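The sequence and the structure come before the details.

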Amino acid sequence: MVAWTQRFWLIVVAVALVACSSGVVPLRETQIVDDLEITLDTPNRPRMNTAVDFIVLLHDAQGNPVDDANVYLDLDMPAMPMGVTRPVALPDGPGRYWARTAYTMEGLWEITVVVERYSMTYRATFHRDVLQ
């Protein structure tokens, strides 16, 4: 029984180390812009030239999911302007939008989540440090 318990915990620790080193640990940040709560989930330690999932969560002032928005991301590297990458985030559940793209260089990136709803446009800017 002791050997089985030790193997179990060894496997748990190994899986956790692999997950942390591969950048799959999520980083969640939230901003409130004019009563719209905009949350961005991305890997905590993204790597360049690797597909990255961006999850955007939207909630109104009452905490209800917002399903009727157009969402896209503006990704830019201020230290090395190369033009903006602009993936569209597709609906992926109640108040949830998903996009995938890749960072093309290491360094500090700005991710601006742009939400268009009715006649309003909301913008929330987040920063990510990309590793080689």
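## A strand pair

Thr39 stands opposite Leu57 in β3. Strand β2 (residues 36-43) and strand β3 (residues 51-59) run antiparallel and are joined by 5 bridges. Strands here are DSSP runs of E with at least two residues, numbered from the N terminus, and two strands pair if DSSP finds at least two bridges between them.

## Basis of the model

This is a predicted model, in which local features need pLDDT of at least 70 and side-chain atom pairs count only at pLDDT 80 or more, while totals for chains, interfaces and linings use all residues. Residues are numbered from 1 along each chain as its sequence is written, and side-chain values use heavy atoms, with hydrogens and water left out.

## The sheet

The open sheet holds 8 strands in the order β1-β2-β3-β6-β5-β4-β7-β8, with antiparallel pairing. Because β1 (26-33) and β8 (120-130) each have a single partner strand, they stand at the edges, and one side of each has no neighbour in the sheet. On average, neighbouring strands of this sheet are turned by 25 degrees against each other, direction ignored; the axes are lines fitted to C-alpha atoms, and angles run from 0 to 180 degrees between N-to-C directions.

## Two loop residues with positive phi

Asp35 lies in the loop between β1 and β2. Asp35 is not a glycine, yet its phi is positive, at about 70 degrees. Its relative accessibility is 56%, so Asp35 counts as exposed (exposed means over 50% relative accessible area, with a 1.4 Å probe and protein chains only).

Asn49 is placed in the loop between β2 and β3. Asn49, also a residue other than glycine, has a positive phi near 55 degrees. With a relative accessible area of 55%, Asn49 is exposed.

Notes. Helix = DSSP H or I, 4+ residues; strand = E, 2+ residues; numbered from the N terminus. Buried < 20%, exposed > 50% of the residue type's maximum accessible area, 1.4 Å probe, protein only.
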